[in-house]
Amino acid sequence: MKRIAMLALAVSAAMWLSACGGSDKQSSSEQELQQQADVNAIDQVEKTWHRASSTHNVDLMMTLWAPDATFVIGTDTLTGKTQIRDFFVHKAAPFQPENHWVSETPAYKIRITANGDKGTLYFECHYVDVKTKKVVSVVGADTDVQKINGKWLITSSASATPSLAP
């Protein structure tokens, strides 16, 4: 009787351990889902950027930036949301009232990485004048993003005019 009880206990333990082994697959699957969710959330940063610049909505643009973010434009480094906001209000051509531009990004030029609560995002802004329907400016943004309080925000960005290479 003792042998049967011990055998039943051993079989139960083996079944319990093999069931626990399945949790690795579930964990891996959950990690893949979280990775895809993070990539999609980071992609929304690019979409919001273009919505903000197409509508001259500086307040919307500023929702993308971490409080202590940096923004490098040429040789200038802006630090913090106040300096970055000032740039968009006073210097960024897409936000100037005389410019009626739509901002577009070729999807094939977007690059996103996500690793835990940090990631990267590269995209280009192709600004099209609504009246002439011509591209008036092209700007690339290479950004670092971080999930802060559950939201993906830009922590640093460098902007430049991309060039085509043969």
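Of the 166 residues of the protein chain, 34% count as buried, where buried denotes under 20% relative accessible area, exposed over 50%, and partly exposed in between (1.4 Å probe, protein chains only). The structure is a predicted model, in which local features need pLDDT of at least 70 and side-chain atom pairs count only at pLDDT 80 or more, whereas totals for chains, interfaces and linings use all residues. Residues are numbered from 1 along each chain as its sequence is written, and side-chain values use heavy atoms, with hydrogens and water left out.

The protein chain contains three helices and seven strands, taken as DSSP runs (helices H or I, at least four residues; strands E, at least two) numbered from the N terminus. From the N terminus on, the order of the elements is α-α-β-β-α-β-β-β-β-β. Among contacts (heavy atoms within 4.5 Å) in the protein chain with a separation of 6 or more, 48% are accounted for by residues 24 or more positions apart. In strand E1, Asp 68 counts as exposed, at 60% relative accessibility; its C-alpha atom is separated by 7.1 Å from that of Thr 155, 87 residues apart along the chain. Asp 43, by contrast, is placed in helix H1 and is buried, with a relative accessible area of 17%. Leaving aside residues up to four places away in sequence, Asp 43 touches Ile 110 and Ile 112.

In helix H3, the buried residues are Gly 80, Ile 84, Phe 87 and Phe 88. Seen down the axis of H3, these residues fall within an arc of 105°, so they line one face of the helix; the arc is that of the directions from the helix axis to the C-beta atoms. On the other side of H3, Thr 82 and His 90 are exposed.

Across the whole structure, a search finds 11 aromatic pairs. Rings of Phe, Tyr and Trp (its six-membered ring) pair if their centres lie within 6.5 Å, with planes under 30 degrees apart counted as stacked, over 60 as edge-to-face and the rest as tilted. Trp 49 and Trp 65 form a tilted pair, 6.0 Å centre to centre with 45° between the planes. Because Trp 49 lies in helix H1 and Trp 65 in strand E1, this pair ties together parts that are 16 residues apart in sequence. Both Trp 49 and Trp 65 are buried. The rings of Trp 101 and Tyr 127 also form a tilted pair, their centres 5.8 Å apart and their planes at 45°. This pair links distant parts of the chain, 26 residues apart, with Trp 101 in strand E3 (residues 101-104) and Tyr 127 in strand E5 (residues 118-129). Trp 101 is buried at 11% relative accessibility, and Tyr 127 is buried with a relative accessible area of 5%.

The largest pocket has a volume of about 210 Å³. On a 1 Å grid over the protein atoms alone, a pocket is an open set of points with protein on both sides within 12 Å along at least five of seven lines, and lining residues have an atom within 4 Å of a point. Grid points are joined across faces, edges and corners, and a volume is the space filled by probe spheres set on the points. The lining comprises 17 residues, of which Phe 87, Ala 92, Pro 94, Val 139 and Ser 159 lie nearest the centre of the pocket.

Methods:
1 Å grid on protein atoms, 1.4 Å probe; cavity = no way out; pocket = protein on both sides within 12 Å on 5 of 7 lines; lining within 4 Å.
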